Amino acid sequence: MANLDVIVDRSDPAVQRIVDVTKHSRSVVRTVLIEDIEPLTQSIRAGVEFTEVYGLDTVPFPGDLLAACEKRGIRVRLLSAAVANQVFKTEKKPKVFGIAKVPPAGRFADLESLSGDVVLLDGVKIVGNIGAIVRTAFALGAAGIVLVDSGLGTIADRRLIRASRGYVFSLPIVLATRDEALAFFRDGGMRPVVFEADGKLSIGELDGIDERLVLVFGSEKTGPSGEFAGVATESVSIPMNPAAESLNVSVSAGIALHGRARRNLSAAPRG
């Protein structure tokens, strides 16, 4: 704490940067505020470029996070209580946070160069579900995720960063239109399988398929669109109590990715 500079002046340029990045009406998002220890640490590991990382002078700065910042040459400063109150006003003040440059958006070409399965989410709009799937996909070796009709304009959405615990920057996430996604998967040589309540394959049979798959999930209410179901070579169901209406999409994706983990983790190990 004693070695970290403390921002006590509201006129410090860093204060205006923080104010600007918290505005909800920004039309162009070039920087993003990343808060809390785990998302910050994971974003730093993923190579996200930070302007600075900040803490509060009333709270001890986490040693592991400080070490990660020092390793990457990221400047760390503290906000005085008075400045923090002016910056965040009625918002809950994060104890640690950083201002980062938004990385380039994921591209289909990024997925082509990898060897794990791809998760395609069609019409999944609840950010908490998307974030949970991102985190699971990274942990179980998937190559990346394609989001169609998600309602997200950027992967640097603060809600998505929080929900994924910062893993949103650790694997390619492509925001695509339905036509773009269909064109890629028709030409990309990967085998699409769609998850439906009455799918012909069981989840246990996925482990025996020794090729790259596109695991297609829709929203809980409507499932995947007919276009994706039409290009899928197989449909898969997850056994469940018939008295239950459906599984949460993030749970379904987790079950599917676990069923593919042996192949994906061996094909695309991560450090």
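Author: What follows starts with the whole chain, moves to the contact between the domains, and then looks at single residues.

The model is predicted. The protein chain has 271 residues, of which 51% count as buried. Its secondary structure comes to 11 helices and 12 strands, and the C-alpha trace spans about 65 × 40 × 35 Å along its principal axes. Of the contacts in the chain with a separation of 6 or more, 79% are between residues 24 or more positions apart.

The chain is divided into domain 1, residues 6–101, and domain 2, residues 108–267. Taken over C-alpha atoms, the centres of domain 1 and domain 2 are 32 Å apart. Domain 1 brings 13 residues to the contact and domain 2 brings 11 residues. About 1100 Å² is buried between domain 1 and domain 2, and carbon and sulfur atoms give 55% of that area. On the side of domain 1, Glu38, Pro39 and Gln42 supply 38% of the area buried against domain 2, more than any other three residues.

The polar part of the interface can also be counted. Between domain 1 and domain 2 there are four salt bridges. Arg165 and Glu38 form a salt bridge through their side chains, at 3.4 Å from N to O. Five residue pairs are in polar contact across the interface of domain 1 and domain 2, with both residues at pLDDT 80 or more. Strand E2 (31–35) and helix H2 (37–45) each supply at least two residues of the side of domain 1 that touches domain 2. By class, that side of domain 1 has six nonpolar, three polar and four charged residues.

Just after H2, Gly47 takes a positive phi of about 90 degrees.

Next comes a residue of the strand named above. Val32 lies in strand E2. Val32 counts as buried because its relative accessibility is 1%, and the cut-off for buried is under 20%. Leaving aside neighbours within four places in sequence, Val32 is in contact with Val21, Gly98, Ile99, Ala100, Val102, Ala156, Arg158 and Ile161. Val32 and Pro103 are 71 residues apart in sequence, and their C-alpha atoms are 9.9 Å apart in space.

Asp122 is found in strand E6, residues 118–122. Asp122 also counts as buried, because its relative accessibility is 3%. The side chains of Asp122 and Arg178 are joined by a polar contact of 2.5 Å. Neighbours within four places in sequence aside, the residues in contact with Asp122 are Val148, Arg178, Phe217, Gly218, Ser219, Pro224, Ser225 and Phe228.

To return to the interface, Glu38 takes part in the salt bridge with Arg165 and is one of the three residues that supply 38% of the area domain 1 buries against domain 2.

How values were computed: Residues are numbered from 1 along each chain as its sequence is written. This is a predicted model: local features need pLDDT of at least 70, side-chain atom pairs count only at pLDDT 80 or more; totals for chains, interfaces and linings use all residues. Side-chain values use heavy atoms; hydrogens and water are left out. Domain bounds come from an automatic or database domain assignment. Contact means heavy atoms within 4.5 Å. Buried area is the accessible area (1.4 Å probe) that two parts lose on being put together, summed over both. A polar contact is a pair of N or O atoms within 3.5 Å; within protein, one must be able to donate a hydrogen and the other to accept it, and residues adjacent in sequence count only if both atoms are side-chain atoms. Helices (H or I, at least four residues) and strands (E, at least two) are DSSP runs, numbered from the N terminus. Ala, Val, Leu, Ile, Met, Phe, Trp, Tyr, Cys and Pro count as nonpolar, Asp, Glu, Lys and Arg as charged, and the others, Gly among them, as polar. Buried means under 20% relative accessible area, exposed over 50%, partly exposed in between (1.4 Å probe, protein chains only).
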